[in-house]
Structures are given as structure tokens and as C-alpha cells.
Amino acid sequence: MCELFAMSAGQHYTAQEYLPLFADKARANMSGWGIGFFREGQVHIEKSCEGIYAGDHVHDSFQRLARVIGSRIIISHIRCPKSGHQQESQAQPLTDHFLEHHWLFSFTGEAPKKGFAFESPRPLMREPLLASRVFEFIRDGLESQLADWSGSSLYQGLTVTCKKLITQYPGEYAFFLANETVLFAFLNHGQILTYRPPEARGETLVLTTVSGGLTQNSGHWHAYPNKDPNRGQILIISGADLLYLGHV
Amino acid sequence: MCDLFALSAAHHYTAATSLPLFAVRGRKNVHGWGIGFFRHRQPIIEKSGDQVFAEGRLHGSFQRLARVVNSPIILAHIRYKSSGIVDECHAHPFVLDFWSQSWLFAHNGKAPLIESYTSTHVPVLKAISDSARAFEFLRDYFLEAEPRRPHTPFLDILEEALALLMRQYPGEYNFLLTNGQVIWAFTNHRQFLVLKGSEKLEDALLLTTIEEGLSSENWQRLTVGEGSLGHLLLIGGGDVILSVDLFP
């Protein structure tokens with residue numbers, strides 16, 4: 001299974017300590033990686049179809065990017081070999097512009113047994129990439145929920161859309177969806193772990209799907225597990241705080 | 001009764017059109033005004049004990065500030081005193097720190113019982129009013145809840161604080177609380193009017209308590225649900241992220 005990483009902060013921060021740890025813990029996933037972030041309202045993504053590890057070393061570019069990228073929200077993805085594709089364009093995070101924001105999307109999960117037959121009128125790519133189909137489903141759902149804005153919230157739109165996702169296409173899903181202000185995390189399987197780095201004095205929050213977290217002491221990580229795939233959870237994060245935890 | 005205004009956008013914005021309209025439509029509030037925003041995460045407040053609108057003219061400084069203040073989040077308050085004296089110190093917004101962040105707070109309501117509240121933390125606000133004490137009450141609750149911060153969503157703690165506030169000091173509360181990234185808007189008595197995508201005012205998210213809104217457009221009225229303790233909005237990046245009623 002691919003692995004996800006995110007860091008959210010009240011101001012621009014680098015993830016130079018935690019991105020290499022993420023790479024190390026997810027080193028079994030050798031099929032590509034990506035880092036996405038925001039700068040002045042625009043999305044920037046650096047990704048590669050090369051393994052996150054070359055020999056005993058974290059990929060050179062990944063390491064350098066980890067040191068250099070500074071943003072309030074950073075999302076990273078390490079791709080598993082099972083995902084069945086090697087092209088750089090299909091590495092994550094993915095991005096699109098809708099609801100007047102640039103969004104980053106990063107996904108891990110398993111397709112429903114009956115397949116994921118959703119066809120968006122506005123596909124992001126032609127290739128049969130599950131992450132792309134799920135992103136399109138979420139985007140189209142949010143757009144439709146919030147089309148004639150009548151005071152409804154992003155969370156409300158996302159809840160309805162995620163409920164449709166797991167009802168219409170029962171499978172295993174976990175994703176991060178972020179604009180320049182807020183990060184949503186959804187999961188209906190596995191767990192998302194959060195960690196507040198002590199050295200950042202409460203200014204950043206790190207999230208990952210890597211079991212046990214990224215640091216030596218897994219007790220410092222708080223897990224949000226989800227055992228029932230028919231139900232899900234949505235976390236809302238902004239700055240260094242988990243603002244809300246809701247159930248789907 | 002005082003009135004509140006907020007602008008939220010994904011990027012820096014001025015409220016050059018809507019702020020003067022807010023002051024004109026709220027001119028019955030004759031006991032001062034204030035504008036608050038953040039620059040590089042530092043709160044900046046300009047406030048006055050003067051009337052915002054007198055002798056057919058807007059206060060000169062308010063008018064100039066409306067043209068100049070440029071921030072993703074702008075709060076404004078025009079005061080009709082129900083507690084405390086009329087001077088700059090008693091005008092809103094107020095600033096206090098908790099959870100490693102500075103917060104701006106602007107309040108509209110009447111809660112005489114909270115005037116007796118004595119904070120157990122420092123600093124305390126110089127103003128002698130229900131609004132100042134209510135803000136200290138919330139700050140104190142968050143400071144005492146800080147050990148739970150790593151694993152408890154912000155909203156859970158805010159809900160607890162509000163429930164306790166209204167149980168121990170019943171009254172009318174209607175406030176805006178912001179750390180420069182998101183705005184929490186709470187009311188247990190008046191409605192909020194919210195507008196997105198204005199063609200006449202700023203194309204950001206605008207919120208006010210002014211009964212008729214600030215333009216002839218389709219302002220959404222968000223009111224307290226039946227049987228609820230109050231209604232709470234989470235706003236950020238120009239969106240309503242979350243909208244919930246609080247139940248006992």
C-alpha cells in the first residue's frame with residue numbers, strides 16, 4: 001500500500017526532519033514519490049517515478065527538496081509497486097483547480113472488487129489511475145454540493161461526497177485534500193497518525209499513514225484508526241491544530 | 001447592540017467597499033470602533049472610542065484604514081456599549097495569546113454575569129466589560145486544556161468552554177475569534193449574514209451581523225438551531241469550512 005505524509009503549520013515551515021524519516025519508513029514502496037506544496041496561492045509539485053531509495057540512500061532530489069521546500073502545507077506520497085504504473089505523470093500528489101482554490105490530493109487505498117467505474121465529464125488524465133478517479137469523484141461531488149452556495153460548508157459537501165464514495169464504490173480509501181488554508185484527511189481503513197514536533201513549539205502538525213509513526217517513540221503519535229470500511233472519518237486541520245474530527 | 005464584520009479570503013484583500021458600508025449601516029452604534037488583522041502572524045489593531053459615523057460623515061481614520069488594511073482576514077467591530085465605559089481601551093477587537101498563537105476577539109452581546117469573572121492567568125485585559133471577561137474565560141479554558149491539545153480537536157475544547165461559559169454565566173454571546181488563519185464565529189442570540197462571490201462588494205467571504213446585510217445580494221442567514229446552545233462557524237480561505245449547532 002502507498003503511504004501518505006502531510007505537514008501543516010501556522011507559517012512557512014520545512015519538513016526537513018520528517019520527510020526523510022517518511023522516506024525511510026516507507027522504503028518498501030520503490031515505485032515513485034512526490035512532494036506538493038503551496039507558494040503564493042499556487043501549487044507546486046515535484047515528483048519522480050524513481051525509487052525513494054537508491055542503494056542505502058534516500059533519493060538525492062527528495063532529500064534536497066525536503067530541506068528546501070517551505071510552506072504552510074506540505075503533502076508527500078510514496079508509491080507502492082502494486083499500483084502497477086511507473087510514469088512520473090501518474091505519481092502523486094495530484095492537483096486541480098476548483099471551487100476557486102488550487103487543491104492538492106494524495107491517495108492510498110484499494111479499488112472496489114467490482115472496479116471503480118466512475119467516469120467524470122472532466123477527467124484529469126486518461127490513464128486508469130485509481131487516485132485520479134477518486135480525486136475526480138471527490139472534486140465533482142464537492143462542486144455539485146456547493147454549486148448554488150446557500151451557506152453550506154466544505155465539510156458538509158465533503159461528508160456527503162465521501163458517503164457516496166464508500167456506498168457506491170465500496171473499497172478502502174485514505175486521502176489528503178488540501179488548499180492553501182485547510183487540510184482535510186479522510187479514511188475508511190487503516191489509520192492516520194498525528195504528531196506535534198516538540199522542537200516546533202506547537203507550531204506544526206505532522207500526519208502520516210505509516211504504521212507506528214515516523215519517530216522512534218511511537219507513543220508520541222496519536223492514531224485515528226478506522227476499522228469499519230462502511231464508515232469513515234474526516235479530520236479538518238489548519239495551522240498546527242486538528243480543528244475537527246467528524247464521522248461519515 | 002454592537003455589530004460585527006469579517007472578511008475572509010484565500011489571499012490578501014482589502015475591504016475598501018464593504019467596511020464603509022458596514023460602518024454606515026451600523027451607525028446607530030455610537031461608542032467606538034475597531035479594525036483588526038494579522039501581519040506576519042502578528043495581530044494589529046486600530047481602534048477608537050469615537051463615533052464611527054457622525055455629522056453625516058464616516059470617521060476619517062476608519063475610512064482611510066478601510067482602504068489600506070490588506071489581509072486574508074479582517075475583523076471589524078462597531079460598539080454600542082452594554083458594559084464598561086466609552087474609550088479606546090474598551091473598543092474591540094481584543095488580543096490575548098493561547099496555544100502559541102495570538103488571537104483577536106470581537107464580541108457583541110449582553111452578559112452582565114460574566115463581569116464578575118476573575119481570570120486565573122495573565123495578562124488580563126484592561127477593559128472592564130463583559131466582552132473582556134468572556135474572552136479571558138475562553139483563553140483560560142484553552143490554557144488549562146493545553147495538555148489535551150495533541151489529541152483533542154480544537155472544536156471539542158471550544159464546545160466545552162462555551163457550554164461551561166453559558167452554564168456559569170448565562171447571557172447573550174456573539175463573537176468572532178481568529179488566529180489569522182481561520183475565524184471561529186459563534187452566536188447564541190443573533191444571526192450571522194454571510195455572502196460569497198459578491199458582484200457589488202469584495203469577491204471574498206463576507207460576514208456581518210447587520211440585519212439587512214451590506215448589499216442587496218443573496219446574503220445567507222445562519223441562525224441558531226432549535227434547541228441548540230448556539231451556532232458555530234469555522235471560516236477560512238474564503239470558505240465556510242464547518243457550520244454546526246452546539247447541543248447540550
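How many bridges join β7(A) to strand β8 of chain A, and in which direction do the two strands run? In this predicted model, 5 bridges link β7(A) with β8(A), residues 101–110, and the two strands run antiparallel. Within this pairing, A:Asp96 has A:Trp103 of β8(A) as its bridge partner.

Both strands belong to an open sheet of 6 strands in chain A, ordered β7-β8-β9-β10-β14-β15, with antiparallel pairing. Because β7 and β15 of chain A stand at the edges and each has a single partner strand, one side of each is left without a neighbour in the sheet. From one strand to the next, the twist averages 20°.

Helix α4 of chain A, residues 154–168, packs on this sheet, and its direction makes about 145° with that of β14(A). The strands that α4(A) touches include the following.

| Strand of chain A | Residues |
|---|---|
| β9 | 172–178 |
| β10 | 183–187 |
| β14 | 233–238 |

The helix α4(A) also packs with α3(A), residues 130–145, at an angle of about 135° and with the axes 9 Å apart, which makes α3(A) oblique to α4(A). The crossing of α3(A) past α4(A) is right-handed, and the residues that meet there include A:Phe137 and A:Leu142 from α3(A), and A:Leu158 and A:Leu165 from α4(A).

Leaving aside residues up to four places away in sequence, B:Ala185 touches, among others, B:Ala6, B:Phe192 and B:Ile235.

Note on methods
Residues are numbered from 1 along each chain as its sequence is written. Chains are lettered from A and ligands numbered from 1 in the order in which they are written. This is a predicted model: local features need pLDDT of at least 70, side-chain atom pairs count only at pLDDT 80 or more; totals for chains, interfaces and linings use all residues. Two residues are in contact if their C-beta atoms, placed from the backbone, lie within 7 Å. Two strands pair if DSSP finds at least two bridges between them. Helices (H or I, at least four residues) and strands (E, at least two) are DSSP runs, numbered from the N terminus. Axes are lines fitted to C-alpha atoms, for helices over the stretch in contact, and angles run from 0 to 180 degrees between N-to-C directions. Angles under 35 degrees count as roughly parallel, over 145 as roughly antiparallel, 65 to 115 as roughly perpendicular and the rest as oblique. A crossing is left-handed if the near helix is turned anticlockwise from the far one by less than a right angle, and right-handed if clockwise.
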